[in-house]
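Thanks for coming. I will go through one model today, chain by chain, and then the contact between the chains.

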Amino acid sequence: MNTLQRIPAVFFFEWRRTLTVPRLAWMVALMAFPPLLLMLIRSTARSEPPIEVAAILVYVLAPCVACMMGIFLWATPALSSELEGRSWVYLAVRPHGPLSVLFGKYLVAISWSIPVGLVSATLGVIALGVVDPIRLIVVQCALVVLSCVAYSAVFLLIGVIAPKRAMVAGILYAVIFEVTLALVPAAVNLLTVQYRLRCLLVRWMDMDSAMVERSEVLSAYFGDESAAWHVGVLLTMTIGYLTLAAGLLRYREFTAASETDI
Amino acid sequence: MLLELNNATRLYGTVIGVNDISLSLENGAHGLLGPNGAGKSTLLNLITGQLSPTLGSVRVLGLQPRSSHELLRRIGFLPGSEGMYADVSAIEWVAYLTRLQGFNAGDAKRLAVQAMERVQLTDHMHRKILSFSRGMRQRTRLAQAIAHEPEFLILDEPFSGLDPIARHSMTTLLQHWIAEGRSLLVSSHVLYEIESLTRSFMLLSGGRLLASGTAGDIHTLLTDVPSEVRMRVDKPRLMAAELIREELVDSVQITDDGELKITTTMSNQLSRFLGQAVTEDRYLVTEVRAADDSLQDVFNSLMKIHRGGK
């Protein structure tokens, strides 16, 4: 039995552990806040917003904020919670244990956050009262899935790189890279998940042609590559981050022991 | 060969966890003794592959622990820290960890139930771990270490925090394990806990292997080491002078509260002297105390030998 066959064991065990009142309350809160906020926005407007505006509003709140927050809470402490709870040692002394735990928890993070994102995006579009909502819902749901898949890998890697300060490192990454640098029209934003998702939103909603043609600056924000290219890059980044996390987990020494345990 | 260490050294930055240990152990039961901070946990982490040696090599059952999945299938480990998931039942936790050993769900559950029977927790195995007493948690931790039927069981301070009944129960269980012909390495900082399981000891202190062998071997090693005796006597200065004159002591000290503290390598002659002095009414001896025979004293003595002193 190798790593692949052990991953389901971790996945189902960890999923059962997530079914607690506080965690389910978090799930509901993350699902509910984008549609509630959009409902408030809609109630202050006299007419339904243009489709482009609706697309950006839902995108910012669902695939970006709700998904990123959900994943941040799930994936970032995947390793640090085991180290702090001193339960890591039981997993580390199993054949293929660390890698099974890494990928099992990755699947838990995306399987937990994708439904949150899908519900919040769908309800968000409905809350805005868009005339033809189907296309927008489909696009937002696709972005939710990609967002969860990519961000889970990113935050899992951050948790493996800095297990003792995982949450702080996660917040710093989100603020510095995904919020700040993703908005800088320079090569550095190509490294962010946010840039790829934003480009995909513009492509899939046909918002790009007129805008990008008018300004080179906007081209730096939305790129001029095809949607397939951006999806490919996102998936490559995801595989790269997971491979790096697995490599670190395999070769770095993670013990809960401190010097006092010598 | 069960265990083979060649100049194994492990550094944590500038702190030495394990210092240049070389030893070979055959299959069987062995005790790893040392005071807190001696390097026992580091050594066990090296043996279970959680750490790799900074220098030297470690081989367990002929395999390198750090890179061997096969070895992890063949060993069971009970770590020194608790680290259990409090929110799941004992059987769920043991079955989960057994599954990670490579068994399918059905077999893992069956083996977990057997292990819970073995540690006598069948009646409570569906309870959440957070409701368990310290002894029950310790037995559950042992169950996860033995559920997959390993050939080499490694236990880090298994008796820590147990009450006498739980301690006895743990000892009995481990005695059965040894009687089945399986190998065991158990660490402790209390000698008598391990004495009931094995006569093969390794003594560790300051990251160094001070001695190994049977209790008799270690006792022999200590025969030339001065032992400390404290006495309350009516004329301490007079007795001190007589002991020095008779050359029965290595050092004498009279403490502030009048206690006579001596070190001697001639314990037998000293006891004869005292017996004679008391029966002849030369001194009124109200208390005689040998420093207790605790492991810490053994370590202290061995450290003195190790450093070239007496």
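Domain bounds here come from an automatic or database domain assignment. For chain B that assignment gives domain 1 (3-221) and domain 2 (227-306). The C-alpha centres of domain 1 and domain 2 of chain B are 41 Å apart.

Before going further, the conventions. This is a predicted model, where local features need pLDDT of at least 70, side-chain atom pairs count only at pLDDT 80 or more, and totals for chains, interfaces and linings use all residues. Residues are numbered from 1 along each chain as its sequence is written, while chains are lettered from A and ligands numbered from 1 in the order in which they are written.

Staying with chain B, the C-alpha trace spans about 80 × 45 × 35 Å along its principal axes. Its secondary structure comes to eleven helices and 13 strands; helices (H or I, at least four residues) and strands (E, at least two) are DSSP runs, numbered from the N terminus. Chain B has 310 residues, and 37% of them count as buried. A residue is buried with 20 or more other C-beta atoms within 10 Å of its own, exposed with 12 or fewer, and partly exposed in between, with C-beta atoms placed from the backbone. Contacts require those C-beta atoms, placed from the backbone, to lie within 7 Å. Among contacts in chain B between residues at least 6 apart in sequence, 65% join residues at least 24 apart.

Most residues other than glycine have a negative phi. Asp20(B), in strand E2 (residues 15-25), has a positive phi near 55°. Asp20(B) counts as partly exposed because it has 15 C-beta neighbours inside 10 Å. Gln120(B) also is not a glycine and has a positive phi of about 60°; it sits in the loop between helix H4 (105-118) and helix H5 (134-146) of chain B.

Now chain A. Helix H2 (residues 21-44) has 24 residues and reaches 34 Å from first C-alpha to last, close to the 34 Å expected at 1.5 Å a residue. That expected span is 1.5 Å times one less than the number of residues. Where is the kink in H2(A)? A kink of about 30° lies at Ala32(A), shortly before the proline Pro34(A). The bend at a residue is the angle between axes fitted to the seven residues ending there and the seven starting there. Buried residues of H2(A) include Met31(A), Pro34(A) and Pro35(A), and the buried residues of this helix pack against helix H3 (51-75) and H6 of chain A.

Helix H8 (residues 166-180) of chain A has a kink of about 25°, centred on Ala174(A). Ala174(A) is among the buried residues of H8(A), as is Tyr173(A). The cover over the buried residues of H8(A) includes H3, H4, H7 and helix H9 (193-204) of chain A.

Finally, the contact between the chains. How many residues does each chain give? Chain A gives 25 residues and chain B gives 32 residues. On the side of chain A, helix H1 (3-18), helix H5 (88-92) and helix H6 (97-128) each supply at least two residues. By class, that side has twelve nonpolar, six polar and seven charged residues. Ala, Val, Leu, Ile, Met, Phe, Trp, Tyr, Cys and Pro count as nonpolar, Asp, Glu, Lys and Arg as charged, and the others, Gly among them, as polar.

Definitions and conventions. Two residues are in contact if their C-beta atoms, placed from the backbone, lie within 7 Å.
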